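This report is for a reader who is new to protein structures. Please look over the sequence and the model before reading on.

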Amino acid sequence: MKRFLKIILFLIGFPALLGFVVWKSLTVIQEGSTYGFWPYVGIILAGVFALVYLIAFIITGVKAKKNAGNRKKVMGGVVALVIVSFVMTAGLWLVIDIPKLLPDILNSATSGTIGFDDLRENYSAQSEVHGNLLDEFIKLNYQNENLDNSYTLDSWLEAGYSSPEVQDLIATNFASMDKNGYVTFKGPWINLADGGRLTIPVLVHLIINEREFQDLPYILKYDLIPNPYKDDDFNDKFQNEGYYPEHDQEYLVKWSILDMQGTPMEIDLGGILSDEIKSLILGVTSLMPEAIVSVLNTLNECIADDALAGTPIYIGIDAQNGDFKLVISSTVESRGMWDYKKSAWLNSNHLLFAVISVFPARQWLYIWGGIVVFTSVAIGALRLKEFGGEEEEEGEGEQKKAAYVPAKVDYSEIDREATKGMSPYERNFYYATQERLRR
């Protein structure tokens with residue numbers, strides 16, 4: 001019966017905890033299924049802790065049986081098991097959390113773009129965000145044929161990051177975005193572009209300021225550009241502007257500040273212009289849409305010239321649904337990229353999935369850690385009752401020591417034999433020496 005109870009208590013402890021960790025990690029595993037073992041890091045970590053506890057459970061059990069009747073040694077095994085149960089659950093996390101090691105690592109790895117509290121409270125939602133980053137990246141690059149269209153989109157999505165082509169595409173194109181984009185912006189202007197402070201004067205400075213570029217490859221099958229003029233009758237998203245060989249060293253891809261930001265700038269001209277002027281412009285554009293498109297395309301080509309921006313920034317007009325907006329768009333979507341922050345996430349997505357996977361383990365090692373300690377104490381109590389022997393009453397040990405009186409030895413015969421043939425002086429020396437030794 002005691003053996004059965006110990007097995008039940010053991011199963012309620014770490015095996016149950018491991019089950020909860022796996023259950024809460026299912027979303028992370030599903031979203032990062034093509035990233036190999038990285039989404040399983042949290043489960044692996046909890047499994048290692050469970051294995052250490054299992055080893056301690058077995059060793060202390062064997063020693064308790066071996067030292068049956070020695071209550072002190074059996075109690076030592078109980079204490080060791082309880083200590084291991086605490087250290088392998090909440091103990092290690094307290095060592096990590098109190099000095100804030102994990103928040104500092106996460107902040108350093110993501111440049112502060114992903115907060116520790118965000119993952120702690122909502123790790124499942126964050127894993128969906130990072131799973132979507134990869135899926136949408138594959139869709140964008142399937143659309144511009146950076147990924148071979150002879151395979152279906154579903155097959156590319158199923159392969160995901162396990163595909164060498166996808167891995168090469170992410171690594172190569174992000175290197176270009178990083179070295180020929182983000183790091184080329186120097187001085188205070190890049191700071192003004194953050195936090196929604198990108199105004200037209202700041203944009204102009206960031207376009208015309210001199211920058212240094214590196215000769216890096218970029219995988220680009222087709223150069224797609226946004227439709228410069230959109231109304232209710234003509235709102236195609238992209239136009240195909242030609243073919244470029246993959247890794248073409250002569251076709252240097254540069255990036256604008258809008259590419260770093262990712263989202264277009266929109267200026268609502270309807271709120272600035274009077275109704276009469278707005279109606280006049282809409283009338284002209286509706287009568288001559290091709291002429292307007294030609295003018296906007298020419299303007300965009302001038303901006304993209306090396307003498308000015310050196311990279312496309314697309315200026316267009318959105319006249320859909322009665323609106324009248326000036327839209328300044330970036331190249332990221334047509335080139336198959338996210339904005340810089342999300343592209344950086346995607347480039348390190350495997351590591352981020354590993355970090356995210358730790359949070360279900362951390363949460364349940366804290367929650368269920370108390371149960372593991374309690375079951376360890378209960379197992380120890382059963383072992384103590386089974387193998388610890390009878391508990392000595394207080395003072396019983398001292399009484400046993402006092403009751404023990406060694407028997408007296410008669411040395412007379414021994415001394416008689418030993419002193420035969422000795423002179424009186426030698427005999428006296430012998431007896432004096434033996435008396436001192438036998439006291």
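The structure is a predicted model. Its chain has 439 residues, and 38% of them count as buried. The chain is built with 20 helices and six strands. Among contacts between residues at least 6 apart in sequence, 74% join residues at least 24 apart.

**Helix α4**

Helix α4 runs over residues 41-66, which is 26 residues. From its first C-alpha to its last, α4 reaches 37 Å, close to the 38 Å expected at 1.5 Å a residue.

Which residues of α4 are buried? They are Gly 42, Ile 43, Ala 46, Phe 49, Ala 50, Tyr 53, Ala 56, Phe 57, Thr 60, Gly 61 and Ala 64. Several parts of the chain cover these buried residues, including α1 (2-12), α2 (14-24), α3 (26-31) and α5 (71-97). Also among them are α16 (349-367) and α17 (369-387).

One of these covering helices, α2, packs against α4 at an angle of about 180°, with the two axes 10 Å apart. An angle over 145 degrees counts as roughly antiparallel, so α2 is roughly antiparallel to α4. On the α2 side, the contact is made by Phe 14, Leu 18, Val 21 and Val 22. On the α4 side, it is made by Gly 42, Ile 43, Ala 46, Gly 47, Phe 49, Ala 50 and Tyr 53. The residues of this contact divide into nine nonpolar, two polar and no charged.

**Salt bridges**

How many salt bridges does the count come to? It comes to two, and the table lists them.

| Residue pair | Distance, N to O |
|---|---|
| Lys 139 and Glu 136 | 3.4 Å |
| Asp 178 and Lys 179 | 3.9 Å |

Lys 139 and Glu 136 both belong to helix α7 (residues 116-143) and are three residues apart, about one turn of the helix. An α-helix has 3.6 residues a turn, so residues three or four places apart point the same way. Lys 139 is partly exposed, with a relative accessible area of 36%. Glu 136 is also partly exposed, at 26%.

In the other pair, is Asp 178 buried or exposed? Its relative accessible area is 14%, and buried means under 20%, so Asp 178 is buried.

Definitions and conventions. Residues numbered from 1 in each chain as written. Predicted model: local features only at pLDDT ≥ 70, side-chain atom pairs only at ≥ 80, totals over all residues. Heavy atoms only, no water. Helix = DSSP H or I, 4+ residues; strand = E, 2+ residues; numbered from the N terminus. Expected span 1.5 Å × (residues − 1). Buried < 20%, exposed > 50% of the residue type's maximum accessible area, 1.4 Å probe, protein only. Contact = heavy atoms within 4.5 Å. Salt bridge = Lys/Arg side-chain N within 4 Å of Asp/Glu carboxyl O. Axes fitted to C-alpha atoms, helices over the stretch in contact; angles between N-to-C directions. Parallel < 35°, antiparallel > 145°, perpendicular 65-115°, else oblique. Nonpolar A, V, L, I, M, F, W, Y, C, P; charged D, E, K, R; others polar.
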